[in-house]
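Have the sequence and the 3D view open as you read.

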Amino acid sequence: MPYFKKIVGDKCYLSPVSADDALKWTEWDNDVEIAIPLGDEAYTYMSLEKNQESIKKLGESKIHCFSIIDLETDIMIGRCMFFDIDQINRGAMFGILIGDKEKWDGGYGQEATRLMLDYGFNLLNFNNIMLGVFSYNKRGIACYKKIGFKEIGLRRQSRIVGGKKYDMVLMDILAEEFESPYVKKFIK
């Protein structure tokens, strides 16, 4: 499967999603260890056909979705997207999944997030990018804070897993708080 280097970092790059990505998406969506941090384990039984249909619809929607590709191996390790895009107020919601567990804690999530923020702020001209992360996803929260996201609120006890209640932590980052590591080097 050929991937296309839309925006490139040191460890990974973002490539437009392809119908061929549906098989990996289905594997990840049905792995509870991967799905729980996203809050998808109870709601989403994803079949290959459903993911193929979802990827097809992404091409027709206003969602900006990319596959995250390991730069060294050209293997897909995750996906990320902007959704709920507000063109008037120049904002969007952000979501990311590193599905390849061997890449967890290796800096790939941070780099892919920076690539997306660069794309969002400097090519799509967003002013505000927001996300929601469950309070038990400590790795995700730490990653977002390192990049510059700030906590802006909580949705209290919005998630129940294993009989325990967890908050959704709302975070955002503004264009003025983000330094372009990739796109700006092409602008002279």
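Does Phe178 count as buried or exposed? This is a predicted model, and in it Phe178 counts as buried because its relative accessibility is 12%, under the 20% cut-off.

**Aromatic rings**
- The whole structure holds seven aromatic pairs.
- In one of them, Phe121 and Phe178 make a tilted pair, with 5.6 Å between centres and 45° between the planes.
- That pair links distant parts of the chain, since Phe121 sits in helix α4 and Phe178 in the segment after β8, 57 residues apart.
- Phe121 is buried too, at a relative accessible area of 5%.
- Tyr144 and Phe149 pair edge-to-face, at 5.6 Å centre to centre and 65° between the planes; both residues are buried.
- One aromatic cluster is made up of Phe82, Phe94 and Phe126.

**Charges over rings**
- Lys11 lies over the face of Tyr108, 5.1 Å from the ring centre.
- Arg79 lies over the face of Trp25, 4.4 Å from the ring centre.

**Nonpolar cores**
- The largest nonpolar core has 34 residues, of which Ile68, Phe94, Ile129 and Phe149 touch the most other members.
- Helix α4 gives this core its largest share, seven residues.
- Another core, of 13 residues, lies apart from it and includes Trp25 and Leu97.

**Largest pocket**
- Its volume is about 1100 Å³.
- Among its 40 lining residues, Leu38, Gly95, Ile96, Leu97 and Tyr144 are the closest to the centre.
- The lining divides into 22 nonpolar, eleven polar and seven charged residues.

How values were computed
Residues numbered from 1 in each chain as written. Predicted model: local features only at pLDDT ≥ 70, side-chain atom pairs only at ≥ 80, totals over all residues. Heavy atoms only, no water. Core = buried A, V, L, I, M, F, W, Y, C linked by side-chain atoms within 4.5 Å. Buried < 20%, exposed > 50% of the residue type's maximum accessible area, 1.4 Å probe, protein only. Helix = DSSP H or I, 4+ residues; strand = E, 2+ residues; numbered from the N terminus. 1 Å grid on protein atoms, 1.4 Å probe; cavity = no way out; pocket = protein on both sides within 12 Å on 5 of 7 lines; lining within 4 Å. Points joined across faces, edges and corners; volume = space filled by probe spheres on them. Nonpolar A, V, L, I, M, F, W, Y, C, P; charged D, E, K, R; others polar. Phe/Tyr/Trp six-rings, centres within 6.5 Å; stacked < 30°, edge-to-face > 60°. Lys NZ or Arg CZ within 6 Å of the ring centre and 35° of its normal.
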